[in-house]
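Trainee: I have a model open and would like to learn how to read it. Where do we start?

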Amino acid sequence: MEIKEIQDDIVDEFSMFDDWMQRYEYMIELGKSLPLIDEAYKTDDNIIKGCQSKVWVHAELQDNKLVFTADSDAIITKGIIAILIRAFSNQKPKDIIEANTNFIDEIGLKEHLSPTRANGLVSMIKQLKLYAVAYQTQVN
Amino acid sequence: MLDIKKIREDFPILKREVNGKPLVYLDNAATSQTPQQVIDVIVDYYQNYNANIHRGVHALSQEATDKYEQARIKIQKHFNAANSHEILFTSGTTHSINLVANGFSSLIENGDEILVSAMEHHSNIVPWQMLCERTGAVLKVIPMNQEGELLMDVYDELLSEKTKLVFCNHISNALGTINPIKEIIDRAHGVGAAVLIDGAQAAPHIVADVQALDVDFYTISAHKVCGPTGVGMLYGKEEWLKRLPPYQGGGEMIAEVTFEKTTYADLPHKFEAGTPNICGGIAFGAALDYMNSIGFDEIAKYEHELLQYATQELLKIDRLKIYGTAKNKTSVISFNIDGIHPYDIGTILDKLGIAVRTGHHCAQPIMDFYKIPGTVRASFSFYNTKGEIDTLVSGVERARKMLL
């Protein structure tokens, strides 16, 4: 599936909820399904700066597609990174670089998009895109 | 007895909603809210007598100068300083500490020792580390116990003739501990060391008498005592302020300037280069007036009640642990629920309209001490109610159920 299609699916899923509490509960559930980073990659180098909680992300190229794994010590943050990874993992670096992130707004998490927000959602998106830029040169 | 309902009427912000819920503001240790009486003073300044001070001959300048200097005298009286020129206006506690640290660069020598407490805010650690880097002095730490109380016997052992400066907060922002500053000051003076007390967290709860304490430097920020941000005060004993060199050069702080040599103005102007936060200084004075009109004894009594009630109710929550259980503490509660990150709790509470602080509270060494990433901190002011504490407790309980 393309990034846009996955994002639309996520927006559909979130549109079923009436209030913030259900959205957050769902996000917590998604956090539990996050493809976990190998413990060996949970190093300081892989920590995303700008988050109040710790977030580790690892990226590797498989068949010219970028596969992300991650973890966080805070469960809501884990949910946020899980949503991002669902949208961006297993995609071509070029598509990740070009993807927009308006769906975050549409699923009612707009407040998390502020650059000054302590959860660092903006830093996470930036980091995923930076990985894509770095790996693009290695794509055949 | 305080009439809380009436007091709350003074604070327009307390009427607003957040995320569709009535605001429950429990982040008072970060900044206090501003009463209408202080807002009126700020508006009055800009509407009626906004002018630069200490230099104009015109009426507005004179009026602004008078009000600004009256504010200095209000602050002097509040802290019982011997002289009004011992009260310096700064931009806040951080600025005050940097001013003193910078001044001591020329008085500290290689091998001298500086003591700080284990429960300092970063603003009372980093400037001294910088001072040590510049001078070759050594920074030593007064440790604390699990309850968050300083180990005074170790402090005694650390003190020696090498000790030149001791820095400690009056009240810890992360734990709420009220430190025994009179003893800290007396013992430091016993070895000839000077003492700076960071009063930022104490100012909304306790009136410090700088003469009775015999403290060398005491500093607070106005925004912790219902005043505006960007202004604060540094009390310094006259003898110290005369010895310390100026911090910043500029207008206002000079007596005479030629290209060959400049002579500095008398105290306090020597340390007040440039146009100050005039409106802020005047509003700072008004904020102290407001708090004194309510009365610090009554405030302390009521906040203690809130602290006891909140402690008792929060501890009913399963797996909740409070950090900072000193016998002598103010209305600050730092806590975690076992297995839940403080950030997650803070996020859920925010959705419920409850403002708390989460994180390391600019006191990472304390978090390292307890081996935790941070805490949730609820801090209460005299305008908070038991009803708001009930809302907090049910919010935390709800967060716990969602997150565990």
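Trainee: What share of the contacts in chain A with a separation of 6 or more comes from residues 24 or more positions apart?

Mentor: Keep in mind that this model is predicted. In chain A, residues 24 or more positions apart account for 68% of the contacts with a separation of 6 or more.

Trainee: Which elements does chain A have, and in what order do they run?

Mentor: Chain A has six helices and two strands. Read from the N terminus, the order is α-α-β-β-α-α-α-α.

Trainee: How does the radius of gyration of chain A compare with the globule rule?

Mentor: The radius is 14 Å, close to the 14 Å that the rule gives for 140 residues, so chain A is as compact as a globular protein of that length. Its C-alpha trace spans about 45 × 30 × 25 Å along the principal axes. Of its 140 residues, 36% count as buried.

Trainee: Now the sheet in chain B. In what order do its strands lie?

Mentor: First the general idea. Strands of a sheet pair through backbone hydrogen bonds, either parallel or antiparallel. In chain B, seven strands form an open sheet, ordered 4-10-9-8-7-5-6, with mixed pairing.

Trainee: Which strands stand at the edges?

Mentor: Strand 4 (87–90) and strand 6 (138–142) of chain B do. Each has a single partner strand, so one side of each is left without a neighbour in the sheet. On average, neighbouring strands of this sheet are turned by 20° against each other, direction ignored.

Trainee: How many bridges join strand 5 to strand 7 of chain B, and do they run parallel or antiparallel?

Mentor: Four bridges join strand 5 (residues 113–117) to strand 7 (residues 163–169) of chain B, and the two run parallel. Find B:Glu113; opposite it stands B:Thr163 in strand 7 of chain B.

Trainee: What does helix 5 of chain B touch on the sheet?

Mentor: Helix 5 (residues 126–135) of chain B packs on the sheet and touches strand 5, strand 6 and strand 7 of chain B. The helix direction makes about 145° with that of strand 6 of chain B.

Methods:
Residues are numbered from 1 along each chain as its sequence is written. Chains are lettered from A and ligands numbered from 1 in the order in which they are written. This is a predicted model: local features need pLDDT of at least 70, side-chain atom pairs count only at pLDDT 80 or more; totals for chains, interfaces and linings use all residues. The radius of gyration is taken over C-alpha atoms; the globule rule is 2.2 Å times the number of residues to the power 0.38. A residue is buried if 20 or more other C-beta atoms lie within 10 Å of its own, exposed if 12 or fewer, and partly exposed in between; C-beta atoms are placed from the backbone. Two residues are in contact if their C-beta atoms, placed from the backbone, lie within 7 Å. Two strands pair if DSSP finds at least two bridges between them. Axes are lines fitted to C-alpha atoms, for helices over the stretch in contact, and angles run from 0 to 180 degrees between N-to-C directions.
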